[in-house]
Amino acid sequence: MTDMQVEHGLGLLYSKALRAKELAEQNVFGPPDLSYQLLPAYCHQLKCVNPGTVTAIKTDGAKKFEYLFIALSASLAGFQTSIQPAICIDATYLKGKFGGVMFIAACQDANNQVFPLAYGWGDVECEDSWTWFLKELKKAIGCPANCIIISDRSPAIKVAMGKEYPEITHGLCGFHMNMNLKNRFKSQVVCNLFREASRAHRESKFLEKMQELSHVNR
């Protein structure tokens, strides 16, 4: 809108600018619904240029897209050779034409940087979608020794973990728990003590902070 005003002196409504943007994107990338039809070919090409890549697509009875899973070979190799088996899983809602949810499994490398492990897409975040995603993740990485999977307190993830990874410890994300405490107790003291307890490297220090936290709660 600003460009049209500056370059041509034309006022452009937001809705018209949005339609023009969508048309330009379709001219470059093709229509969004066609992209779903190209997913099998895209996954095939990923495997051709990245041998060892794991992909999976699930469709419903009418052959309509439901779920997609991708784990690139470089990510799998790095996880198996160089990354501590602590996996964080989460989902975020997409804002495109068809909406949906993006699922993510990530780790942390030795430099404390995010290490992407696997990702996928689905129609909604629910028990079925998380179960399918974790099932495909298990096919890709197996069940590593001393592994832990960390998530928020989503009931759907809890059920899916019980189905697909009952042998793996399921931890709760300290950040999300801290936010829950903040919303419930409205106390920075409670949040600070919990944060210190969750980051304690010794059991004695952890118990000390939890004892302080119990006194604050009274």
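Reader: Which residue in strand 5 stands opposite Phe69?
Author: Opposite Phe69 you find Gly120 of strand 5. Strands here are DSSP runs of E with at least two residues, helices are runs of H or I with at least four, and both are numbered from the N terminus. Before we go on: residues count from 1 along each chain as its sequence is written, and side-chain values use heavy atoms, leaving out hydrogens and water. This is a predicted model, where local features need pLDDT of at least 70 and side-chain atom pairs pLDDT 80 or more, while totals for chains, interfaces and linings use all residues.

Reader: What order do the strands of the open sheet take?
Author: The order is 1-2-5-4-3-6-7, an open sheet of 7 strands with mixed pairing. Strand 1 (54-59) and strand 7 (169-172) are the edges; each has a single partner strand, so one side of each has no neighbour in the sheet. On average, neighbouring strands are turned by 20° against each other, direction ignored. For angles, axes are lines fitted to C-alpha atoms, for helices over the stretch in contact, and values run from 0 to 180 degrees between N-to-C directions.

Reader: Which sense do strand 3 and strand 6 pair in, parallel or antiparallel?
Author: Parallel, over 3 bridges, between residues 86-93 and residues 148-151. Cys88 stands opposite Ile150 there, with Ile150 in strand 6. Strand 4 and strand 5, on the other hand, run antiparallel with 8 bridges, and Val101 faces Gly122 of strand 5.

Reader: What's in the turns? Which residue takes a positive phi in the hairpin of strand 4 and strand 5?
Author: That's Asn112, with phi near 65°, in a hairpin that has 5 residues between its strands. The hairpin of strand 1 and strand 2 also has 5 residues between its strands, and Lys63 in its turn has a positive phi of about 65°. Strand 1 and strand 2 pair antiparallel over 6 bridges.

Reader: New topic: rings. How many aromatic pairs are there?
Author: The structure holds 8. Rings of Phe, Tyr and Trp (its six-membered ring) pair when their centres lie within 6.5 Å; planes under 30 degrees apart are stacked, over 60 edge-to-face, and the rest tilted. One of the pairs is Phe103 with Trp130, edge-to-face at 4.9 Å centre to centre and 75° between the planes.

Reader: Why does the pair of Phe103 and Trp130 tie together separate parts?
Author: Phe103 is in strand 4 (residues 101-108) and Trp130 in helix 6 (residues 127-141), so the pair links parts that are 27 residues apart in sequence. Trp130 also pairs edge-to-face with Phe133, at 5.8 Å centre to centre and 85° between the planes. Ring pairs join Phe69, Phe103, Trp130 and Phe133 into a cluster.

Reader: Are Trp130 and Phe133 buried or exposed?
Author: Both are buried. Buried means under 20% relative accessible area, exposed over 50%, and partly exposed in between, with a 1.4 Å probe and protein chains only.

Reader: Which strands does helix 6 lie across?
Author: Helix 6 lies across strand 1, strand 2 (65-71), strand 3, strand 4 and strand 5 (114-122), at about 30° to strand 2. Thr131 belongs to helix 6 too; Thr131 is buried at 12% relative accessible area. Leaving out residues up to four places away in sequence, Thr131 touches Ala160, Lys163 and Glu164, where contact means heavy atoms within 4.5 Å.

Reader: And cysteines? How many disulfides does a search of the whole structure find?
Author: It finds 0, a disulfide being a pair of cysteine sulfur atoms within 2.5 Å. The sulfur of Cys107 is 7.4 Å from the closest cysteine sulfur, in Cys88, which is too far for a bond. Cys107 is buried at 6% relative accessibility, while Cys126 is partly exposed at 23%.

Reader: Last one: which residues does UniProt list for "domain: MULE transposase"?
Author: UniProt lists residues 87-180, in an unreviewed entry. UniProt positions follow the numbering used here, feature names are shortened, and annotations may be inferred rather than shown by experiment. In this model, residues 87-180 are 34% helix and 34% strand, with end C-alpha atoms 21 Å apart.

Note on methods:
Two strands pair if DSSP finds at least two bridges between them.
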